[in-house]
Amino acid sequence: MAVDWEEFDKDVDIENLEKDVEEASSREFEDYPDVPYGKYEVKITKLELTKSKKGDPMLSVWFQIINGEQKDRLVFMNQILLQGFQIHTANEFLRSLKTDEIVEFKGYAKYNILILNIYEKIVDNEYELDYQENKKGYKTFKILQKFENTENSNNSDFETEDLGW
């Protein structure tokens, strides 16, 4: 099935997007330093099982910051899923999103379906993310709370354990 890109163009402010592309092309990569560690209100714009550059299974999560000085910047979490502790860490993260899905690993094909189901349920949710670095220099991602939103009023604030990523 072919995509009707003209229909897509109608829904996008092409003029402003062209200006953004022009501005981005005039900047050096150094103009975009990593997002500083800290606590951010985010929405998850990508949650999927994918492959790493080496071809290993990996959980990929993109957090978009939705307010403050870093608004619209992205924080990336990539968790390789080859060993038990890696899958356990991913499971704990998925549970912290507080859906009604039973999070368990029963093979990669079923895990992919689970991740897709979770993403479908959280796509409009907002979270408080604590983004830090541990003593070993690894980035850590901790969901501190899920915010109420008017579209999905059965959500509630919650606390989670430090996932140590």
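User: Which residues have the most contacts inside the largest nonpolar core?

Analyst: The model is a predicted one, in which local features need pLDDT of at least 70 and side-chain atom pairs count only at pLDDT 80 or more, while totals for chains, interfaces and linings use all residues. Residues are numbered from 1 along each chain as its sequence is written, and side-chain values use heavy atoms, with hydrogens and water left out. A nonpolar core is a set of buried (under 20% relative accessible area, 1.4 Å probe, protein chains only) Ala, Val, Leu, Ile, Met, Phe, Trp, Tyr and Cys residues joined through side-chain atoms within 4.5 Å. The largest such core has 29 residues, and those with the most contacts inside it are Ile44, Leu47, Leu59, Phe63, Phe93, Leu94 and Leu97.

User: Which residues does leucine 94 contact, leaving aside its neighbours within four places in sequence?

Analyst: Contact means heavy atoms within 4.5 Å. Leucine 94 is among the residues with the most contacts inside the core. With neighbours within four places in sequence left aside, its partners are Leu47, Leu59, Val103, Tyr111, Ile115 and Ile118.

User: In what order do the strands of the open sheet lie?

Analyst: Strands (E, at least two residues) and helices (H or I, at least four) are DSSP runs, numbered from the N terminus. Two strands pair if DSSP finds at least two bridges between them; strand 1 (residues 38-51) and strand 2 (residues 57-65) do so over 9 bridges. The sheet has 5 strands with antiparallel pairing, and their order is 3-2-1-4-5.

User: Which are its edge strands?

Analyst: An edge strand here pairs on one side only. This applies to strand 3 (74-80) and strand 5 (139-147).

User: Are helix 3 and helix 4 roughly parallel or roughly antiparallel?

Analyst: Axes are lines fitted to C-alpha atoms, for helices over the stretch in contact, and angles run from 0 to 180 degrees between N-to-C directions. Helix 3 and helix 4 pack at about 25°, with their axes 12 Å apart. Angles under 35 degrees count as roughly parallel and those over 145 as roughly antiparallel, so helix 3 is roughly parallel to helix 4.

Technical notes: Buried < 20%, exposed > 50% of the residue type's maximum accessible area, 1.4 Å probe, protein only. Parallel < 35°, antiparallel > 145°, perpendicular 65-115°, else oblique.
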